[in-house]
Amino acid sequence: KSEEAILKVYEIAKAIEDRISHAVPIVGSFPVASQKPRQFLENLTSRLISLAPDAQIYPQWLPVQGWYFGGASEIKTFNSEEYVEAIESLGSPVCIDVAHLIMSAAHAGVDWKEWYKRLSRFSGHFHLSDARGIDGEGLPFGNGDLFQENPLEIPDGNLVIIEVWQGHLHQFSGFLNALRYLSQNRNLSR
């Protein structure tokens, strides 16, 4: 069923690509693995390539405690030092979700900026949102750990998606406030 879902998303992405003449990346959450990180990443990459050889599919960096429609769940993939090492050694592309990175690094007792430096050269897609600690996701920009120091450098070629918790409510005020914050504080650089 997972493969059927991936192929359906791939078909939709290809249809959009044909209409806009531009690549449409696919971001996937792969929260369950029965293998060690390197083996899981090798097998996942191989399987995704065999399913959709010309697709840009980026596994998303995940928090340790994920919230799904069924409640909280402990996640053991794409959120640890072992996954940083596997991505580095295999050169695997990844979607960096900054809030998830902040929370997973806090869970591991690591400065999130260290993992960011190591992973950012493998990113092809980027989710920008703020967080604090191990479970403080969805904070407005400036209220978490994201912009506490230097501007965040985003590698060239990355598509940046601003993720704002319930940003669509009240006539998109959450997104507008995020854009205003980024514009006024110049927290991003390329």
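Student: What makes Phe40, Phe78 and Tyr83 a cluster?

Tutor: Ring pairs link Phe40, Phe78 and Tyr83. This is a predicted model, and a search of the whole structure finds eight aromatic pairs.

Student: Why is the pair of Phe40 and Phe78 called edge-to-face?

Tutor: Take the distance, then the angle. The ring centres of Phe40 and Phe78 are 6.1 Å apart, and rings pair if their centres lie within 6.5 Å. Their planes stand at 65°. Planes over 60 degrees apart count as edge-to-face. So the pair of Phe40 and Phe78 is edge-to-face.

Student: How do you know that this pair links distant parts of the chain?

Tutor: Look at where each residue sits. Phe40 is in helix α2 (residues 37-51). Phe78 is in the loop between β4 and α3 (81-90). The two are 38 residues apart.

Student: Why is the pair of Phe78 and Tyr83 called tilted?

Tutor: The centres of Phe78 and Tyr83 are 5.0 Å apart, with 35° between the planes. Stacked needs under 30 degrees, and edge-to-face needs over 60.

Student: Are Phe40, Phe78 and Tyr83 buried or exposed, and how do you know?

Tutor: Buried means under 20% relative accessible area. Phe40 has 10%, so Phe40 is buried. Phe78 has 1% and counts as buried. Tyr83, at 1%, counts as buried too.

Student: Now the strands. What makes β3 and β4 a pair?

Tutor: Two strands pair if there are at least two bridges between them. Strand β3 (residues 65-68) and strand β4 (residues 71-74) have four, in the antiparallel sense. In one of these bridges, Gly66 has Ser73 in β4 as its partner. A hairpin of two residues joins β3 to β4.

Student: Why are β5 and β10 called edge strands?

Tutor: They belong to an open sheet of three strands, in the order β5-β6-β10, with parallel pairing. β5 (94-97) and β10 (159-162) each pair on one side only. Neighbouring strands of this sheet are turned by 20° against each other on average, direction ignored.

Student: How do you know that β6 pairs with β10?

Tutor: Count the bridges again. Four join strand β6 (residues 123-128) to β10, and the two run parallel. At least two are needed. Phe126 has Val160 in β10 as its bridge partner.

Student: What makes the nonpolar surface patch?

Tutor: Ile12, Ile16 and Ile20 make the patch, of about 260 Å². Ile20 lies in helix α1 (residues 2-20).

Technical notes: Residues are numbered from 1 along each chain as its sequence is written. This is a predicted model: local features need pLDDT of at least 70, side-chain atom pairs count only at pLDDT 80 or more; totals for chains, interfaces and linings use all residues. Side-chain values use heavy atoms; hydrogens and water are left out. Axes are lines fitted to C-alpha atoms, for helices over the stretch in contact, and angles run from 0 to 180 degrees between N-to-C directions. Patches are made of residues with over 30% relative accessible area and no salt bridge: like charges are joined within 9 Å, nonpolar side chains (Val, Leu, Ile, Met, Phe, Trp, Tyr) within 5 Å. Accessible areas come from the Shrake-Rupley method with a 1.4 Å probe; for residues, only the protein chains shown count as cover. A salt bridge is a side-chain nitrogen of Lys or Arg within 4 Å of a carboxyl oxygen of Asp or Glu. Rings of Phe, Tyr and Trp (its six-membered ring) pair if their centres lie within 6.5 Å; planes under 30 degrees apart count as stacked, over 60 as edge-to-face and the rest as tilted. Buried means under 20% relative accessible area, exposed over 50%, partly exposed in between (1.4 Å probe, protein chains only).
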